[in-house]
Amino acid sequence: MNPTLPSHTVRLCHLYPERMNIYADRGNIAVFANRLKWRGMSLEIREFTLGDSVDPSDHDLYYLGGGQDRDQDLVAGDLAHKADALRAGADDGAAQLYVCGGIQLAGHRYQTASGESLAGVGVLDLETVAGSTRLVGDIAISTDLCGPSVEVVGYENHAGRTHLGDVSPFGQVISGHGNNDADKTEGATRDRVIGTYLHGPLLPKNPQIADLLLSWALEHRYGGRVELAPLDDTLEKSAHAVARTRVGLDR
Amino acid sequence: MLAAVAPTVARAVGSLSRRLGRGGGTTLPGVVLLRLDPDAIERSAGRLDAGSVVISATNGKTTTTRLVVDAAKALGYSVTTNRAGSNLERGVAAALLDLGRRRAELPVGSLGVFEVDEAALDAVVSKAHPRVIVLMNLFRDQLDRFGELETLLERWRQMLTNARAQPGPVTVVANADDPNLAELVRSIGNDIDVIWFGCNDATVGLDAVAHASDATTCRRCDHPIRHDPAYLGHLGAWACTNCEAQRPPLDIEIVSASSTATGQTVKVRAGEQHIVVATPLAGLHNAYNIVAAVGAALAVDKRRGPADGTSLSTVATALGRTQPAFGRGERVAIGTRELSILLAKNPTGVNQNIRTVLAAPDPVHILAMLNDRTADGRDVSWVWDVDWEPLIERAQRLTLTGDRAGDLALRMKYASADMSRVVVVDEADAALDDALGKAPDNATVHVLPTYTAMLDLRTILTGRGLVADQWDET
């Protein structure tokens, strides 16, 4: 077990923040930054947009959020030039979080409502096809990524139906639509990569997932196994408890 | 036969609904009317010899409707409006109910002025055949209900295409400062009559376009848009960095708008004329509402064709008398303190409210109320897109309440607020007392409620005898 040190810094590659930010993605970034700061560490945020090139040896954590269809189209074209770097980053053990539109672009292919096929990063073995209706509402899932059957709550709003290939789901749907409204899977995960439809945003009400990603990022940069010091999560747990009631679970 | 009795049945339902205390009875009669008589809007609106004005936007439609009503009355029109803020198709139908009752000829100069929900605009326009369509802004709002901004833009494009094809002239009064909207209106074609309004006071420009901007790229060539400056959200003096797309030349402009927390003086240029509107409506968003209303008044009056032109001084005086709509900058005295209620329903609106609040001398006292009921939007993630940081810096106390107060508390925590100044009080009644109790004598408590939270607050204030029943408002 390696102790974390005040000098420790996580290097974040934030992809297209000015376009892929529709469901309050900046809340997730604020959670990364603050939960490091409260432990005496820091987050170094590097923003990448259209035309920029990404060096996979330079980042411990990657983030891609959701955007409107129009922005997603523009981003998809540009991602083709960054896909190799993102896959190399994942293979190298960097932590990556893809949310909402992000998970769609993390797969091999996203077929839009108009039938157009957008190539994705291919870092997660999945494909997404836009449906004629949107899957909207509060959602709760259960994941085993950070201990047995940890509940994750959020809100989903997506037209895409995602089908997984040779990749594990992020969690099992307790209540809500999930990847495709049919197979009860939600999101996808491999190595230190998570893709999910849950926003709300995801991390403020699910601090265990935030800390999991941060410990992965620190392990990537500094090696060994990292255990983060606990924080006072009273407010986080309280908001989590209220969100549970929105899918009919007890507070 | 059914159509003949429909208004009577619908009105009876409204009266019964009001007596039962269900939603003020403002929309149920409209629902009944449309069910019994689907052509009611078309036929009743057709009796208005001066035609109808419809006003739609993400933010500002209620206040602008009040402004247009007051201006039109001052110009001598006999106005029918849906003032209670019920702005779906059934709300317009309910407002037209009274006309259905009148057998006699309506007076000359009968005009409809209707606030219309952005997602109901296409349906209302196709039935009411308005002569004036006021399009003010589209910001991201209630994504779970409206879907993406692009979806609404596409519906508005279709609406305008249909409106142009309808018999009789149509004037569009449009916000040139909204890049998406301006390009949308221009894409309809050159033969549509447009009055462009916007802002030309660089002193009220923002340092940067807000985070929650929905117009970062050119709709023609996908290159970045530059705002020089941005005024409010993605509204501004915009131009594409690559192609020739840019803000259309303004027909009506805010020459200057300098606001305190309690009002402002707006200098307006309309064509060659200048007017000054001294108004209790604070904030740059209200300056935009005022120039939109000037545009609507000119568009309406152009059809009548007054020999000596529209009296803009009459319009200016009337606009200056318009009081805040309930919950939109409304002020309520409570003992030695005062509440200022600023409806908070989407990131751009709240950002603008915060800017207005911070025009007051510090320190500020805030009561923020976050609900996630249907009319608020079920998805509360939007509170993360609000720039609370400047408010947090100046807030002496932040009292949080509402069904999702815990989400607001998290937002404040992760914005590095001093959490000793932030308190969550579950019950709205107790939260109000907390906010008032912690504020010194003669202080203003600024309330930022979502829509249903505002109704809850209204009920509390009514119960304490501090405000009249909202539905009695005329």
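Me: How do you know that E11(A) and strand E12 of chain A pair?
Reply: This is a predicted model, and pairing needs at least two bridges. E11(A) and E12(A), residues 193–196, have 3 bridges in the antiparallel sense. They therefore count as paired. One bridge joins Ala188(A) to Gly195(A) in E12(A).

Me: What makes strand E2 and strand E11 of chain A edge strands?
Reply: The open sheet runs E2-E1-E3-E4-E12-E11 in chain A, with mixed pairing. E2 (42–48) and E11 (188–190) each have a single partner strand, so one side of each lacks a neighbour in the sheet. Neighbouring strands are turned by 15 degrees against each other on average, direction ignored. Helix H2 (residues 69–91) of chain A packs on this sheet, and its direction makes about 135 degrees with that of E4(A).

Me: Why are H4(B) and H10(B) called oblique?
Reply: Their packing angle is about 40 degrees. Under 35 degrees would be roughly parallel, and roughly perpendicular starts at 65. The pair is therefore oblique. The axes are 9 Å apart, and the crossing is right-handed. Among the residues that meet are Leu67(B) and Val68(B) in H4(B), and Ile290(B) and Ala293(B) in H10(B).

Me: How do you know that Cys240(B) is in no disulfide?
Reply: The cut-off is 2.5 Å between cysteine sulfur atoms. The nearest cysteine sulfur, that of Cys221(B), is 3.5 Å away.

Me: Is Cys240(B) buried or exposed, and why?
Reply: Buried means under 20% relative accessible area. Cys240(B) has 7%, so Cys240(B) counts as buried.

Methods: Residues are numbered from 1 along each chain as its sequence is written. Chains are lettered from A and ligands numbered from 1 in the order in which they are written. This is a predicted model: local features need pLDDT of at least 70, side-chain atom pairs count only at pLDDT 80 or more; totals for chains, interfaces and linings use all residues. Side-chain values use heavy atoms; hydrogens and water are left out. Buried means under 20% relative accessible area, exposed over 50%, partly exposed in between (1.4 Å probe, protein chains only). Helices (H or I, at least four residues) and strands (E, at least two) are DSSP runs, numbered from the N terminus. Axes are lines fitted to C-alpha atoms, for helices over the stretch in contact, and angles run from 0 to 180 degrees between N-to-C directions. Contact means heavy atoms within 4.5 Å. Angles under 35 degrees count as roughly parallel, over 145 as roughly antiparallel, 65 to 115 as roughly perpendicular and the rest as oblique. A crossing is left-handed if the near helix is turned anticlockwise from the far one by less than a right angle, and right-handed if clockwise.
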